[in-house]
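Thanks for making time this morning.

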2 protein chains.
Amino acid sequence: MERTRQTDRLFFALSDATRRDIVTQTLDRERSVSELGRLYPISLTAVQKHVEVLVGAGLVSKHRRGREQLVRGEAEQLRRAHHLLDELEALWRSRLVRFEHVLIEHAGRPKEK
Amino acid sequence: MERTRQTDRLFFALSDATRRDIVTQTLDRERSVSELGRLYPISLTAVQKHVEVLVGAGLVSKHRRGREQLVRGEAEQLRRAHHLLDELEALWRSRLVRFEHVLIEHAGRPKEK
DNA sequence: GTATTCTACAACCATATGGTGGTAGATACG
DNA sequence: CGTATCTACCACCATATGGTTGTAGAATAC
């Protein structure tokens, strides 16, 4: 159930274009919050909030260097999102397999009108 | 930009546990809205709203059969979500590759103190 | 026919979200 | 030192979200 909330946060964090871009921008090299702020036409406070959402989802991490706060994209968590989708698909597949199994069972018996 | 909004909707739709479960429940066989309503401890109206969000994201489709509205999970769109994550990861990889390239360039020169 | 079921839709409410501006504390710069 | 920069935090606002109840219309069941 805690895991569920984490999944919620992960997908929610990915549901905003600015946040997705922040992840992209910070995957190759760390960027300070104010540096990120210059990339978008919104206030620095707004960017800070987006970063906080991403931190909560584990998609980026923050750590201080002097007066600035460096943001780094966490590729691991991206893979986790991937894995979660795999699980959904796997769930689907297992259900489909069961469904086909039922079909086969039925096919084994003479069809009734 | 329209594509971006669609991506927003897709991830947002996945950011709620009830909605994810609805997708799971409707992937193997169609279920009516009221049938889904019995699965969760919330009002039928709330379930209807969740279904609408999923329809907007393309994760399920709805079609009438008599008085009931059948909901079917769309595995294709799940795969699209998968693909979008792949793109994010690819973006990350290409950036990482560039970064490593820079490292190699630097390694080619004598280190300065 | 009447009654029941399934759905849609409207109104409403509490909270969350995404944005703003302002203030204040650290840190770096000249 | 003083000043500029970076960040955190607070209050505020508009809108979205997730939930409720209630009403009404269609299709089915009896």
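Let me start with Arg64(B), whose bridge partner in E3(B) is Gln69(B). These residues sit in a pairing of strand E2 (residues 60-65) of chain B with strand E3 (residues 68-73) of chain B, which is antiparallel and runs over six bridges; strands pair if DSSP finds at least two bridges between them, and the elements themselves are DSSP runs numbered from the N terminus, helices being H or I with at least four residues and strands E with at least two. Two residues lie between the strands of this hairpin, and Gly66(B) there takes a positive phi near 65°.

A word on conventions: this is a predicted model, in which local features need pLDDT of at least 70 and side-chain atom pairs count only at pLDDT 80 or more, while totals for chains, interfaces and linings use all residues. Residues are numbered from 1 along each chain as its sequence is written, and chains are lettered from A, and ligands numbered from 1, in the order in which they are written.

Now to the contact, for which two residues count if their C-beta atoms, placed from the backbone, lie within 7 Å: chain B contributes 27 residues and chain A contributes 25 residues. On the side of chain B that touches chain A, helix H1 (2-13), helix H2 (17-28) and helix H5 (75-108) of chain B each give two or more residues, and H5(B) supplies the largest share, 13 residues.

Finally, a rotation of 180° with 0.0 Å of shift along its axis superposes chain B on chain A with an RMSD of 0.1 Å, by least squares on the C-alpha atoms of residues with pLDDT of at least 70 in both copies. That is the relation of a two-fold axis, and the same surface serves both copies, since 93% of the contact residues of chain B recur in chain A.
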